[in-house]
Amino acid sequence: MTKRHVSLPPLAEEGLRAFIDEVDERLSGDEDTCDVVTDVLIDLHGDREAYERWQDGADISPAERVRLQGYDPCNTTLESEYYAEKDEERFKRSKHLQWLWRQFDATPMADNVEFALRFRRMLADHLFESCGEGCRFFKGISFTYGHNIEIGDNVVVHDDVHLDDRGKLTIGDRVSISDDTHVYSHDHDAVDQTHVDNYHTIIEDDVRLTYDSMVRAGVKVGENAILAAKSIAGKDIPAHHIAAGTPAKSLTVKDGWESVAAPIEGANVDRRAERQLSYDLPDDLEQFDEFQRDLSPPDRK
């Protein structure tokens, strides 16, 4: 579908650019990331007066205190904080940036598309391992850490997408990821749910992951391939193939690409083991088992 260029009025454009440049400069400098994120969120939520009253020792309600404390990412926890194998040093910063990304999405400004796309694109430079030019990130996108994601040029990620980088996630150039898609890089053991395997998941150039689809950990979706809506890719999808179903299977080759595409027969091969990532746990780790299950199968006793 052909799209038109959209621009903001000059004064709005000036304010947008000044704000994004200021935040970008502060995140690139020597300031503590917690302080930068706190300041930005206070102002975006219009709570500067209440925050300064609290800092000056004024009486506030418990609910008000919780709200004001919550602007500081150092006072928050994320689900990924509990993951034992995470890189603690890298997570310190990525957690703060992730909090800014998520809480920005809770402000009215997140629905101002021109502003929001450019703000998130700026944050991507600080949060991801790498991010190319011309990328567009819409509302409600979530990550595990953020710092294990590599994204190429001109990628579009639509609303409510989950990009799991508990392992490693590489996304090529000109990839389109539709609403409600989930891309994973970790998996749980079928018997011992507390055991996690991490993988390198790869989405190659020009891939389309369509609405409400899922890519399992360690899968490679080949160049120019399509994963159909509501499909689950558990094995590799070759370049130029259109795959659909649960589990997804290659149904056809894109029209005009037959001479350079692999045959449909036997196309979908499970190569996830080749992309499994090893990790070490700290020797002094105090493990937390949220399920408290007996994980010993009766046939193995």
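Predicted model: local features only at pLDDT ≥ 70, side-chain atom pairs only at ≥ 80, totals over all residues.

Tutor: Residues are numbered from 1 along each chain as its sequence is written, and side-chain values use heavy atoms, with hydrogens and water left out.

Student: Why is the pair of Phe 91 and Tyr 145 called edge-to-face?

Tutor: Rings of Phe, Tyr and Trp (its six-membered ring) pair if their centres lie within 6.5 Å; planes under 30 degrees apart count as stacked, over 60 as edge-to-face and the rest as tilted. The centres of Phe 91 and Tyr 145 are 5.9 Å apart and the planes stand at 80 degrees, so the pair is edge-to-face. Phe 91 is in helix H5 (residues 88-104) and Tyr 145 in the loop between strand E3 (142-143) and strand E4 (149-151), 54 residues apart. Helices (H or I, at least four residues) and strands (E, at least two) are DSSP runs, numbered from the N terminus.

Student: What makes the pair of Trp 101 and Phe 128 tilted?

Tutor: For Trp 101 and Phe 128 the centres are 5.9 Å apart and the planes are at 35 degrees, so this pair is tilted. Trp 101 belongs to helix H5 and Phe 128 to the loop between H6 and strand E1 (130-131), so parts 27 residues apart in sequence are tied together.

Student: Why does Phe 91 count as buried?

Tutor: Buried means under 20% relative accessible area, exposed over 50%, partly exposed in between (1.4 Å probe, protein chains only). Phe 91 has 4% relative accessibility, so Phe 91 counts as buried. Tyr 145, at 2%, is buried; Trp 101 is buried at 1%, and Phe 128 at 5%.

Student: What makes Lys 86 a charge over the ring of Phe 91?

Tutor: The criterion is NZ of Lys or CZ of Arg within 6 Å of the ring centre and within 35 degrees of the ring normal. The charged end of Lys 86 sits over the ring of Phe 91, 5.4 Å from its centre. Arg 166 lies over the face of Tyr 83, at 3.6 Å from the ring centre.

Student: Why is strand E11 described as largely enclosed?

Tutor: Eight of the eight residues of strand E11 (residues 196-203) are buried, so the rest of the structure largely encloses this strand. Val 196, Asn 198, His 200 and Ile 202 cover one side, and Asp 197, Tyr 199, Thr 201 and Ile 203 the other.

Student: How do you know that E11 and strand E7 pair?

Tutor: Two strands pair if DSSP finds at least two bridges between them. Four bridges join strand E7 (residues 168-171) to E11, in parallel, and Thr 170 has Ile 202 as its bridge partner. Strand E10 (residues 186-188) is joined to E11 by three bridges and runs antiparallel.

Student: What classes of residue line the largest pocket?

Tutor: Ala, Val, Leu, Ile, Met, Phe, Trp, Tyr, Cys and Pro count as nonpolar, Asp, Glu, Lys and Arg as charged, and the others, Gly among them, as polar. The lining of the largest pocket has nine nonpolar, six polar and ten charged residues.
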